[in-house]
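Biologist: Could we go through this model together? Please begin with a single element and then turn to the contact between the chains.

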Amino acid sequence: MKNGFVPQTLTEALAIRRREQVTPYGGGTDLMAEHHRAGTYLFLHRVPELTRITEDDTYLRLGACCTFTQVVNHPATPAILKEAISRIAAPAIRNLGTVGGNIGNGSAKADSVLIFFALDAKLRLMNADGERILPIRAFYKGRKELDLAEDELIVEVLLPRQMPERYIYHKVGARAALAISRLSFAGLWSVEDGKLTACATAFGAIEQMVVRLPEVDEILIGVPVAQLHRVRSQYLQAYSAKLNPIDGRISALYRKSVCLNLLEDFLDQIQSAE
Amino acid sequence: MSIPFTLNGTPITWDGSATDRLLDVLRAEFTCTGVKCGCNEGECGACSVILDGQLVNSCMVAMGRVWDSEITTIEGFRETEAFQILDRTFAETGAVQCGFCTPGMIIAAACLLQRNPSPTAAEIREALSGNLCRCTGYNAIISAVDRAAKEGCRP
């Protein structure tokens, strides 16, 4: 085949990745939209280890080349991930686009990546010699800058089975379908005996990388829901001090205002859900 | 090494670059000109085809991805009984004006009805949400698909 490889096993894929100068091709939707079709693609859709979803005691394991349609139809997929995926583009794109491709493209606007940050997912990377597992936050070094060696492939996304029970998800886009996020928010929490026992929030599409600040969410943990108003301004101020949205098609000022409004909604939602 | 695939039921071995776009190859080399190029970036659905039973935008597919796969375009779907029903209901409800989006709309509708023979209006809208039409305002298209489903269209 000219300018391409279609490996049938992971071993074969990793051997090609080491030997040749190739661009990994997951669903192809970002690569093909970029129009420059020079180079050589490593087509990964035939590799069984990359296209299946498995579960163990600790993780739901999404093969990096599972399509959005495949993930959204799987019974073990968390509801927040299903909701975010169902808002990505349109059915034809979701039939092609993959979770590994969404990550590997390196954009902070990737709608599934926001959820992987909020769930503190890990990535399993492999080369021909072995594997390493790292938190998704450590994988992103900057916009389009990833901790992925020339001979490595993203093999699996590991979603912790233990996760907060409730969530809210917001995608701010220009229209219902086929919208690139102008801003996105995921917030998850759990309440036990009237107290917040877990809280995880993340913002997408506002900075060069998805924003996830566990040290700020820590302010809420252990607080009785009935007393949330006491830490409300502390939480909002801590977030406000750390958020530095970039100017783009929409202004940094707009982005920051919407972020803080969404956090207010998030706190209201926690209180009204009890 | 060539790329083997099936196009509208016919086995093909294609000798070209794995990075070429399916859309370009279908139009230029197999005269499947019912597959339209609208936007080049997966936003309009005019180039919709069926890849191994699933709706995809052919502008978003490199030829290496179709290795050993089955492709159905409007030229292949046109030969089915299900097409005859959609063809008639689109005409009867006035769902076609300039016609540029229509092959993509029909292919997207076929993929929906294959999976879900009795869709709600909301499900039809969702299934066609990646297909843009600048003439009809969509309601006539939704009605056409709804009517086809009720008339037993089973792609």
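Modeller: Helix 6 of chain B covers residues 139-150, 12 residues in all, and spans 16 Å from first to last C-alpha, close to the 16 Å expected at 1.5 Å a residue. The expected span is 1.5 Å times one less than the number of residues, and helices are DSSP runs of H or I with at least four residues, numbered from the N terminus. This is a predicted model, in which local features need pLDDT of at least 70 and side-chain atom pairs pLDDT 80 or more, while totals for chains, interfaces and linings use all residues. Residues are numbered from 1 along each chain as written, chains are lettered from A in the order written, and side-chain values use heavy atoms, without hydrogens and water.

Biologist: Which residues of helix 6 of chain B are buried?

Modeller: They are B:Ala140, B:Ile141, B:Ile142, B:Ala144, B:Val145, B:Ala148 and B:Ala149, buried being under 20% relative accessible area with a 1.4 Å probe, protein chains only.

Biologist: And what covers them?

Modeller: The cover includes helix 3 (81-92), helix 4 (102-115) and helix 5 (121-127) of chain B.

Biologist: What follows helix 6 of chain B?

Modeller: B:Gly152 follows, with a positive phi near 85°.

Biologist: How many salt bridges cross it?

Modeller: Three are found, each a side-chain nitrogen of Lys or Arg within 4 Å of a carboxyl oxygen of Asp or Glu. One of them joins A:Arg94 and B:Glu126 at 2.5 Å, N to O.

Methods. Helices (H or I, at least four residues) and strands (E, at least two) are DSSP runs, numbered from the N terminus. Buried means under 20% relative accessible area, exposed over 50%, partly exposed in between (1.4 Å probe, protein chains only). Contact means heavy atoms within 4.5 Å.
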